[in-house]
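Take a look at the model below.

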Amino acid sequence: MKLNNLQILRFIAAGLVLFSHVQHQAQKLFAANSSFDVFEPIYWAGGVDIFFVISGFIMYYIASEKFGAKGAAFGFLLKRLARIAPPYWLFTVLMVISTVLFAKHISHPDFSFSLLLSSLFFIPKVNSYGLFYPVLMLGWTLNFEFFFYIVFSIGLLFNRKPGVVLIVLMLLMIASLKFVINVEGTSFAFYSNTIIFEFVFGIFLAICFLSGLRFPLLLSVCVVLLSIVLMVTLKSAGIASNYWPYRFLWMGLPALLLCSGFVLCDVKDNHSTNIFRDFLSFMGDASYSLYLSHPFSLNLIALLWVKCKFGAPWLYVGISCFFSLLCAVFVYLWIEKPLVGFSSRLLAIRSQK
């Protein structure tokens with residue numbers, strides 16, 4: 001069953017990431033223009049934290065009845081692979097092509113075949129800047145996602161209660177490793193990040209949802225407002241600079257509150273036509289395409305903006321966001337959906353052999 005509020009949340013999360021990146025792009029383009037000031041009352045990149053809470057929710061929501069079932073773990077991984085890998089692989093290849101064709105215009109670390117290979121298989125590897133970024137740099141979040149899918153599939157091998165406990169313990173243990181032992185120079189230096197606690201937040205939220213917990217509309221609104229107030233307050237306090245390793249607290253908990261306010265809201269969906277809700281829900285469907293494609297959209301507008309010697313930084317921001325949304329819709333309808341559909345059918349056929 002499609003949860004409209006959850007889809008709207010996905011769009012919000014992708015929109016926050018887009019707005020973060022477009023302002024970063026504007027900073028570079030208009031560095032000499034003192035009239036441009038970044039608008040940052042909250043940590044816009046926290047859209048990633050919202051995504052991780054949503055991911056934890058969705059995985060438990062769709063698989064809560066499959067714990068301990070024969071073949072559930074393998075089937076789960078196949079479906080997740082078919083869902084996220086083909087579009088990501090496509091845009092990774094496009095990034096390689098873009099960096100070759102537009103080497104003078106696109107800032108990107110030198111990459112090797114080994115980095116490309118590790119990127120395609122969701123394996124974290126240090127790039128030439130000494131950072132754990134894949135070829136398509138925003139793919140770092142997908143490395144965490146796929147790691148979570150592997151952990152979750154291990155939990156599916158057991159009955160529900162021990163399976164969930166195992167998933168939670170594995171994530172907590174791995175996220176805490178760097179506080180206990182030296183993991184520098186290994187992949188655990190990447191995975192040992194408290195941001196993966198946010199997947200646990202999502203699982204907890206899904207358990208509450210499936211147990212029937214609901215908030216009255218007024219309480220939901222208050223919870224959402226509280227999450228926004230927390231984001232603004234913590235951002236203004238400079239909490240990110242001083243407590244970065246504890247991101248799961250200063251951004252993860254507000255993200256959990258925001259998701260709770262949306263998902264647990266006790267408003268009956270009467271299936272009547274609501275153009276605004278349906279539009280936001282559709283954009284939520286296209287959120288993965290927006291996430292993957294927006295760096296290309298932003299770079300294209302930036303190239304044109306520089307070539308035409310335009311000013312007006314905030315006009316650039318607005319047009320870039322609008323163009324990115326248009327491209328995302330196109331990518332979703334004409335690339336992502338057919339590609340994922342084909343991959344799902346192919347993997348289903350092969351799994352039956």
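Start with Phe122, which counts as buried at 5% relative accessibility. Buried means under 20% relative accessible area, exposed means over 50%, and partly exposed is in between, with a 1.4 Å probe and protein chains only. Phe122 sits in the loop between α4 (113-120) and α5 (140-155). Its phi is positive, about 60°, although Phe122 is not a glycine.

A word on the source. This is a predicted model, in which local features need pLDDT of at least 70 and side-chain atom pairs count only at pLDDT 80 or more, while totals for chains, interfaces and linings use all residues. Residues are numbered from 1 along each chain as its sequence is written, and side-chain values use heavy atoms, with hydrogens and water left out.

Now move to Ala312. Ala312 also has a positive phi, about 50°, and is not a glycine. Look for Ala312 in the loop between α13 (287-307) and α14 (313-352). Ala312 counts as partly exposed, at 41% relative accessibility.

Next, go to the surface. Val180 lies in the loop between α6 (160-175) and α7 (188-191). Val180 is exposed, with a relative accessible area of 68%. Val180 belongs to a nonpolar surface patch of about 680 Å², together with Phe179, Ile181, Tyr243, Tyr246, Leu249 and Leu253. What makes a patch? Its residues have over 30% relative accessible area and no salt bridge; like charges are joined within 9 Å, and nonpolar side chains (Val, Leu, Ile, Met, Phe, Trp, Tyr) within 5 Å. A salt bridge is a side-chain nitrogen of Lys or Arg within 4 Å of a carboxyl oxygen of Asp or Glu.

Step back to the whole chain. How many helices and strands does the protein chain have? The count is 14 helices and zero strands. Both are DSSP runs numbered from the N terminus: helices are H or I with at least four residues, strands are E with at least two.

How is the chain packed? The radius of gyration is 21 Å, close to the 20 Å that the globule rule gives for 353 residues, so the protein chain is as compact as a globular protein of that length. This radius is taken over C-alpha atoms, and the rule is 2.2 Å times the number of residues to the power 0.38. Along its principal axes, the C-alpha trace spans about 60 × 50 × 45 Å. Buried residues make up 50% of the 353 residues.

Definitions and conventions: Areas by Shrake-Rupley, 256 points an atom, 1.4 Å probe, with all protein chains shown as cover.
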